[in-house]
Every structure is written in structure tokens, then in C-alpha cells.
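Trainee: I have a model open and would like to learn how to read it. Please take me through it one feature at a time.

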Amino acid sequence: MALGKEVSDADWNESLYEKWGEFLGKIHHATKGYKWSNPAFKRQTWDQEVQLKAEKYLRPDDVMISILKERLTKLNSLPSPKIHTV
């Protein structure tokens, strides 16, 4: 069990965001050199998420499908970072 407490509405402030960002930065740094013990455990990339397959969940005429496709096209046009492989 981890020590701590549930964050309440009153806790959300600039100090908490700074601490949260610092902590996430430490997590990011710690994972830079991580080597998977088994490639089967490797998490899929963001664009493989099943939730991005809007046609599976929405009606064919839903406007969100075209919006999602437009955004995904934009995201896919951006340079991608180097991925650490096993």
C-alpha cells in the first residue's frame, strides 16, 4: 500500500501541479533506459489504441468520426520521438 491521501478539490493548486510535474519527470527519466524482460509485455503505441477506432463505437454518421480522423492525420504528420526497442 502506498502512503498518502486522496487529493481533494482544495488540494489542487500551483504547488500540487509543480510537485506532480516533478514526479512525472522523474518517472519519465527513470524509464528512459528501461529494457523489457519480455517483448510481450511492451505497451502498444498511442496510435494502436482500440479507442481510436471510432467507427467501432459510433454511428457511421457521427461527426466525431471525421473530427477524430482529422486530428489523427495531424498527429501522424508530426515528428515522432525515437522509441527505445528491446
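Predicted model: local features only at pLDDT ≥ 70, side-chain atom pairs only at ≥ 80, totals over all residues.

Trainee: What secondary structure does the protein chain have?

Mentor: Helices (H or I, at least four residues) and strands (E, at least two) are DSSP runs, numbered from the N terminus. Here there are 2 helices and 0 strands. The radius of gyration is 19 Å, well over the 12 Å that the globule rule gives for 86 residues, so the protein chain is more spread out than a compact globule. That radius is taken over C-alpha atoms, and the rule is 2.2 Å times the number of residues to the power 0.38. Along the principal axes, the C-alpha atoms fill a box of roughly 45 × 40 × 30 Å.

Trainee: How many of the residues count as buried, in percent?

Mentor: Buried means under 20% relative accessible area, exposed over 50%, partly exposed in between (1.4 Å probe, protein chains only). Of the 86 residues, 5% are buried.

Trainee: How is a pair of aromatic rings described?

Mentor: By the distance of the centres and the angle of the planes. Rings of Phe, Tyr and Trp (its six-membered ring) pair if their centres lie within 6.5 Å; planes under 30 degrees apart count as stacked, over 60 as edge-to-face and the rest as tilted. The count here is 3 aromatic pairs. Tyr17 and Trp20 have ring centres 6.0 Å apart and planes at 25°, so they are stacked. They sit 3 residues apart in helix α1, about one helical turn. Tyr17 is partly exposed at 48%, and Trp20 is partly exposed at 41%. Ring pairs link Trp12, Tyr17 and Trp20 into a cluster.

Trainee: Which residues make the nonpolar surface patch?

Mentor: Patch residues have over 30% relative accessible area and no salt bridge; like charges are joined within 9 Å, nonpolar side chains (Val, Leu, Ile, Met, Phe, Trp, Tyr) within 5 Å. A salt bridge is a side-chain nitrogen of Lys or Arg within 4 Å of a carboxyl oxygen of Asp or Glu. Val7, Trp12, Tyr17, Trp20, Phe23, Leu24 and Ile27 make a patch of about 710 Å². Areas come from the Shrake-Rupley method with a 1.4 Å probe; for residues, only the protein chains shown count as cover.

Trainee: Where is Ile27?

Mentor: Ile27 is in helix α1 (residues 14-31). Its relative accessibility is 39%, so Ile27 counts as partly exposed.

Conventions. Residues numbered from 1 in each chain as written. Heavy atoms only, no water.
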